[in-house]
Number of protein chains: 2
Amino acid sequence: MLQGQRTWIFDNKPVILSTATVGGPDEAACNISKDFDLLHDDMWLQQSSFEKAQTMMMEEACDIALNKASLKADEINFFISGDLTNQITPTTFAAKTLETAYLGLFSACATVTQSLALSAFLINAKGAKYILSGTSSHNSAAERQFRYPTEYGGQKPPTSQYTVTGAGCALLSDSGTGPVVTSATIGKIVDMGITDPFNMGGAMAPAAVDTIMTHLRERKIDASYYDLILTGDLGEIGHAISKEMLESEGIKLDDSNYKDCGMTIYNEEQAVNAGGSGPACAAVTTYGHFIKKIQKGELKRILLVATGALHSPLSMNQKDSIPAIAHAVSIEMGSDSQ
Amino acid sequence: MLQGQRTWIFDNKPVILSTATVGGPDEAACNISKDFDLLHDDMWLQQSSFEKAQTMMMEEACDIALNKASLKADEINFFISGDLTNQITPTTFAAKTLETAYLGLFSACATVTQSLALSAFLINAKGAKYILSGTSSHNSAAERQFRYPTEYGGQKPPTSQYTVTGAGCALLSDSGTGPVVTSATIGKIVDMGITDPFNMGGAMAPAAVDTIMTHLRERKIDASYYDLILTGDLGEIGHAISKEMLESEGIKLDDSNYKDCGMTIYNEEQAVNAGGSGPACAAVTTYGHFIKKIQKGELKRILLVATGALHSPLSMNQKDSIPAIAHAVSIEMGSDSQ
C-alpha cells in the first residue's frame, strides 16, 4: 500500500460512485456553471450568517451525491471533510445534520485531496463501505476570516484570488461503477518565506511542485503517465511559477496537460484577479467539470493536486510566512484502470 | 477491518513504540507531574506568542518520542495532529519544523483519539511504517480563542474547565515492543442543546456515552472487557452525567474502572473548577500517566474516549448549541493482545 515515503497505491480501486457540486451567484455566472448540480442566486441562502449558508451548501452536496447513488445517509460509514473557518464550524454542523460518523480535517484549500486520499485509503483497506468525502468554502466567510470583511471595501492586488462559494462532494465505495482512485501522495509543509496574504498562489506553488515531483518519483512514472495534472487553486501567478519550477526539474507541461482549477472556474469578465481559490474551488471544479470528462472518456488519467496555504498571517503574526501544503490524488476511469 | 458501522479492528496490532509529554507551569504542579518528560516554568517558553509556545511544545514532544525510539524525523512517514487554534496554526508550524508529510485534523479535544485511530488504521493496513500521532493545547491561547483573554479577568462558573498547556505524542509502528492499539470507534456529532461555553463537559458527556455504547455493541463486548474506560476531559460535571447515562443503559461503572483525564491531571489545590480540558489533557494524561500503567501491567486493557466540543458559540452565534463528538481507541499490552 505504501510506496516510497508518502505515497499510497490503492490496488482495490475505490470507486467514486457519484459526485455533487453546489455554488453561489458567482459560480452561476462562471465558465463551468452548467457542470453544477445546484446553484444559488443569494450568497446568504436565506440564512442568518455566511457560515450557515456554507453549512447548507455542504449538506445539499451530500444529499445530491447520496440521491445520485440511491443511498441514504444512514448507510454511510464516515463523512470526512473540513473547511477554512475557525474550528471548521460549517463542516461540523453539516456532519450534525448528516448524523454519520465524522472525521474533521484541516488542510485549507488542500482539504479536497486530503479527504479523498484518506477516504480512498479507508475504502481500499476495508475500513468502510461508503464514505462521503467533501469540502466547502464561502467567499464572504473566508474574506472576513482571512483578510477584511467584504463590506470594508479593501482594494486587492492582481495577485489576489477569489474564494469560491460552494461545496463539492464525492461518494466513495468499495464496489460499483465510476472513476476509481488509484493512488495518493501526502504533502509536506513547504514554506518559501512569502508573507503576503494576497499572494497565496505564490506561497502554494512550491508545495504543488514538491508533491508532484515526489508522486512521480515514488510511483516511478513520468508526467506523461497522466493526460492532465490539475492543480487546485494556484491561480495565474502560482500556476506560472509552478510550471517554471517543474520545467527546471525537466518536466515540460503545456496548457493542455497542466491546468489549474482556479484558472478554469471563472471567466474573464469576472473580477477575480488571479483566479479562484478556497477549498470549494478544486472540489467543485474537479467533481463538477473534470470528473465528467473522465466519465466521458475525454480524460483517461488525471492527477489532482490541491494546494493549501495553511496559515493566515492575520491570525498569528503578520511577519510570519505562509506555510503551504499540497496533497495529490490520481483518478482514472475504472475500466482503464489496470 | 470494519466491524459494524464505525468500528475498526486492528488485527496487525499497531505498536506504540514510545510516547512523550510536555507541560507548562500548571502541569509542573499537577497530580501527575512526575509522568511528564519535560516541564516548563514559563507559559511563554520565551516565545512572542502563546501559539508559538504551543508549537514549541508539540515539536519537543515529537523530538522526545523520536529519541526514545532512536528514530529520526526523516524516517517518519506521517505526522497526524491538530489543535484548537484557528487553522490549527501551532500544529502546522510544528509540521513545518518536523519536515514530514502532514495530515492536519480538527476534532477539538477529541483530536488525540481521532489521530490515534487514523494512525493505527494506516499502520495496520501497511500505509505507513512510522507515524507521529499527537496533539497540543495552550491555556492562554485557548482562553483567548474561545472565551476571553486571561488578562480580561472574567470570572468563571464551577462548571468551567481549565485548558491544559502541553503536548502529547505517540510514535506508532508496524513492529516493535510496546502497548498495541487494538480497535477504534469513530464518533458522530451529538448535540443535546447546551449553549453554555463554560459547560463543555455537560455538552460532551452524551457524545462520550454514544461512542462507548456503539463501541461495545459493535465489538460485541461488555464494559468489563476493559480494566478502565477513560474519558478525555468531561470534568466532574460531564463525567457524572455520563456515568448516570451509562447506568441507565445498564452499564455500571465505578471510580476504579471509569475515570476521566480532566479529573486525573490537576490536584485539589489548583483552581481548575470542574477539571482539566483541551486536546492536550487526554494526550498528556494518557501518554504520560496511564500508558505507564499499561507498560507496568497495572492495566491490561483500556478504552480511551477523548471527547471534543466542536464549536464555540462565541465564534458563530451565541444562541447555537455546542455539537460534541467522541472517538474511542482501545490500547492494551502487546503480549496480552490476542
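Helices (H or I, at least four residues) and strands (E, at least two) are DSSP runs, numbered from the N terminus. By that numbering, A:Pro323 lies in the loop between α10 (313–316) and β15 (324–333) of chain A. This is a predicted model, in which local features need pLDDT of at least 70, side-chain atom pairs count only at pLDDT 80 or more, and totals for chains, interfaces and linings use all residues. Residues are numbered from 1 along each chain as its sequence is written, chains are lettered from A and ligands numbered from 1 in the order in which they are written, and side-chain values use heavy atoms, with hydrogens and water left out.

**Relation of the chains**

- The same surface serves both copies, since 100% of the contact residues of chain B recur in chain A; contact means heavy atoms within 4.5 Å.

**A:Pro323**

- A:Pro323 is buried, at a relative accessible area of 0%; buried means under 20% relative accessible area, exposed over 50%, and partly exposed in between (1.4 Å probe, protein chains only).
- Not counting residues up to four places away in sequence, A:Pro323 touches residues of chain A, including A:Ile189, A:Val190, A:Asp191 and A:His311, and also B:Thr92 and B:Phe93 of chain B.
- A:Ala203 is 120 residues from A:Pro323 in sequence, and their C-alpha atoms are 7.3 Å apart.

**Strand β6 of chain A**

- Five of the five residues in strand β6 (residues 101–105) of chain A are buried.
- Both faces of β6(A) are covered, with A:Ala101, A:Leu103 and A:Leu105 buried on one side and A:Tyr102 and A:Gly104 buried on the other.
- Strand β5 (residues 78–82) of chain A runs parallel to β6(A) and is joined to it by five bridges; two strands pair if DSSP finds at least two bridges between them.
- Opposite A:Leu103 in β6(A) stands A:Ile80.
- The chain passes from β5(A) through helix α3 (residues 89–98) of chain A to β6(A) in a right-handed β-α-β crossover; right-handed means that, with the strands pointing away from the viewer, the path from the first strand over the helix to the second runs clockwise.

**Positive phi**

- Most residues other than glycine have a negative phi, and most peptide bonds are trans.
- A:Ile88 has a positive phi, near 35°.
- A:Ile88 lies in the loop between β5 and α3 of chain A and is buried, with a relative accessible area of 1%.
- B:Lys13 also has a positive phi, near 50°.
- B:Lys13 lies in the loop between β2 (7–9) and β3 (15–23) of chain B and counts as buried at 16% relative accessibility.

**Helix α5 of chain B**

- B:Ser140 lies in helix α5 (residues 139–146) of chain B and counts as buried at 9% relative accessibility.
- Leaving aside neighbours within four places in sequence, B:Ser140 is in contact with B:Met43, B:Phe50 and B:Thr150.
- B:Arg144 lies in helix α5 of chain B and is partly exposed, with a relative accessible area of 41%.
- With the neighbours within four places in sequence left aside, B:Arg144 is in contact with B:Phe50, B:Glu51 and B:Pro149.
- The C-alpha atoms of B:Arg144 and B:Phe50 are separated by 10.0 Å, and the two residues are 94 apart along the chain.

**Cysteines**

- Over all chains the structure holds zero disulfides, a disulfide being a pair of cysteine sulfur atoms within 2.5 Å.
- B:Cys62 is buried at a relative accessible area of 0%, and the closest cysteine sulfur, in B:Cys169, is 4.1 Å from its own sulfur, too far for a bond.
- B:Cys109 is buried at a relative accessible area of 10%, and the closest cysteine sulfur, in B:Cys281, is 7.9 Å from its own sulfur, too far for a bond.

**Nonpolar cores**

- The largest nonpolar core has 100 residues, and those with the most contacts inside it are A:Trp8, A:Ile265, B:Trp8 and B:Ile265.
- Apart from that core lies another, of 67 residues, among them A:Ala20, A:Leu71, A:Ala95 and B:Phe79.
- A nonpolar core is a set of buried Ala, Val, Leu, Ile, Met, Phe, Trp, Tyr and Cys residues joined through side-chain atoms within 4.5 Å.
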